[in-house]
Amino acid sequence: MTHPPAARPLEADRRRRLLLLLLFAALALAAGVSLLAGRYPAPGLLSWQRLAEDDLAARLVFGLRLPRLLTAVLLGMTLGGAGMVFQYLFNNPLVEPGFLGVSQGAAFGAAFVIVLVGGGVLTVQVSAAVFALAGLGFSSLLARRLRYGGWILRLVLAGIAVSALFSAGVGLLKYLADPLRQLPELTFWLLGGLASITWERLLSILPLSLPGLLLLLLFRWRLNLLSLGEATAFSLGAAPGRERWLLILAAVLPTAALISVSGMVSWVGLIVPHIARRLFGAEARFSLPAAMLLGGLFVLLCDDLARLLLAGEIPLGILTALFGALIFLALMILQKPPVRK
Amino acid sequence: MSAPLLSFRNVHFGYRRSRPILRQASFDLSAGRITAVVGPNGVGKTTLLYLALGWLQAWSGEILLDGRPLSGYGRLERGRRMALVPQSENTPFDYTLFEYVLLGRAPHLPPLSVPSPADQEMAWQVLEKVGLTALAGQPVPQLSSGERQLMLLARAILQTPRLLLLDEPTAHLDLHNKARLLDLLRQLRAEGVTLLMTNHEPDVVLALADDVILMESGQPPQAGPLGQLFTAQNLSRIYRLPVRLVEVEGGKHVLWT
């Protein structure tokens, strides 16, 4: 085959842009269907006509399902995108946004309020967000004090230690919790779920999550640079130290905000970026938006199953872990990456 | 004589206060020449390269690029004038070779922009020059070390540097790739690029370098023309090993036993 100069890379870009567009369309379609799917008035899809005529149906769809659905998409975008960013920044495909003490910090914050303080969902949310950020803060302070290895190793070690401390705290709180009143609530929070989402709660996390995600998207090409190692990134005109911290914050703030309302939703941040890179290649210009769209789609579908599969609610975290791991295994075993030529 | 492109003025540096590595380093690199930094392992050759890059900060003394203190350059401006070819670089991610090389355009683009088709065209031209177009779509982790070295050079060329820093560019290369790399480096010199490289292979230094910087533990580095400094006597002393320079068919070679 003969190609005019540079045609091949440009062609690959066009293909990936088209694939992103398809992914976006799939997400929009899934969101539309999810909005109509539910158990009112009977399990199945609500018709447009019914929606127009039935006041209760309209209130249900726009007052409850829509904010929940939007939160699911935002949660998936955040976990997928932040996971991708962390993997590039740490030059390691095995990290995810929860490490650095963020997830365990949030869990501790929630458990602390549920067991010791007592309070409504809003108090739990605020405490989870505060402790998630405290987890990041402790990890980075600790990393600065360590005298061992490079910055990646130091942060990873510090994150592991801080996570372990918080998870010991969660264990202690579980032990102390009243098994009839507090333990079920705590367990449900730790398994993750979006059943309690309202417009107010969704709006409360937007100021923390949207700017972060936008910033990550703006840095998408630069992420490649920052994944190369510090001296190389520096030689290419980057300020690796400053830019890395900016992006860590831009990834952790939305993550903290989202898990403060959703509880622990595991595996999305680890698995979705892998799937995105399988489909789109490593170039973050495409794989980062892809991870966001795929994450949104994945969590949306899992949340649909969480609320539709049984009459009661299935914890979202169980489903994301189950299907995430299955899809991941299937991809690893069956498929060759399609983007490569 | 043109003004020096890079000057070290009495530069001191060490990683720990108690153990200075570089003392009173003073030398000039004039434009369009190839300078080899030569010396035993651990003497600070790579350190000198990273000082020139601005990545390490000297304890004292001054480093001038084009007559201006290196610290006075903006990040992007520095990235356009000076490029680094590190000894090795690993990524766990499946970038294609083309995507990887394209990152060399970074210092020419505002921080939050993405490369345009014109940038991609430039990257393609560099691949043609280096002879890597056939591998453009290959995932980087699957390249051989020779291909990888050429790829790192291609990325550096895309920065359009006037000063190119190379850390052991011929390590791990087979004879064919070594010859290919030397040709490319000579071509860059002919285009007016100044090259500063560390090298452990005396034959490569003899074949390529115009000047050398001799580094010896505990001594200030010595800089000068190849013929003057790269002598059997000096090499025997710094490597603590009897070394002979022999002439075969008009070219000099280093023998050691």
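1. Two residues are taken to be in contact if their C-beta atoms, placed from the backbone, lie within 7 Å. The model discussed here is predicted.

2. On that basis, helix H5 (residues 145-158) of chain B lies across S6 and strand S7 (163-167) of chain B. The direction of H5(B) is at about 175 degrees to S6(B). Helix H6 (residues 175-190) of chain B lies across S3, S7 and strand S8 (194-198) of chain B, and runs at about 145 degrees to S8(B).

3. The strands named above belong to an open sheet of six strands in chain B, ordered S6-S7-S8-S3-S9-S10, with mixed pairing. Strand S6 (82-85) and strand S10 (222-225) of chain B each have a single partner strand, so one side of each has no neighbour in the sheet. From one strand to the next, the twist averages 15 degrees.

4. Within this sheet, strand S3 (residues 34-38) and strand S9 (residues 211-214) of chain B run parallel and are joined by four bridges. Val37(B) has Ile213(B) as its bridge partner in S9(B).

5. In chain A, helix H4 (residues 102-117) and helix H5 (residues 121-145) have axes that come within 7 Å and cross at roughly 140 degrees. H4(A) and H5(A) are therefore oblique to each other, and their crossing is right-handed. Residues of H4(A) in the contact include Gly105(A), Phe108(A), Gly109(A) and Phe112(A), while those of H5(A) include Val124(A), Ala128(A), Phe131(A) and Gly135(A). The contact of H4(A) with H5(A) has 15 nonpolar and six polar residues, and no charged residues.

6. The crossing of H12(A) and H14(A) is left-handed. Val268(A), Ile271(A), His274(A), Ile275(A) and Arg278(A) of H12(A) meet Thr320(A), Gly324(A), Ile327(A), Phe328(A) and Leu331(A) of H14(A). By class, the contact of H12(A) with H14(A) has six nonpolar residues, three polar and one charged.

7. Between the chains, 31 residues of chain A are in contact with 33 residues of chain B. On the side of chain A that touches chain B, helix H1 (7-36), helix H9 (220-226) and helix H10 (230-235) of chain A each supply at least two residues. That side of chain A has 15 nonpolar, nine polar and seven charged residues.

Methods: Residues numbered from 1 in each chain as written. Chains lettered and ligands numbered in written order. Predicted model: local features only at pLDDT ≥ 70, side-chain atom pairs only at ≥ 80, totals over all residues. Nonpolar A, V, L, I, M, F, W, Y, C, P; charged D, E, K, R; others polar. Pairing = 2+ DSSP bridges. Axes fitted to C-alpha atoms, helices over the stretch in contact; angles between N-to-C directions. Left-handed = near helix turned anticlockwise from the far one by under 90°. Parallel < 35°, antiparallel > 145°, perpendicular 65-115°, else oblique.
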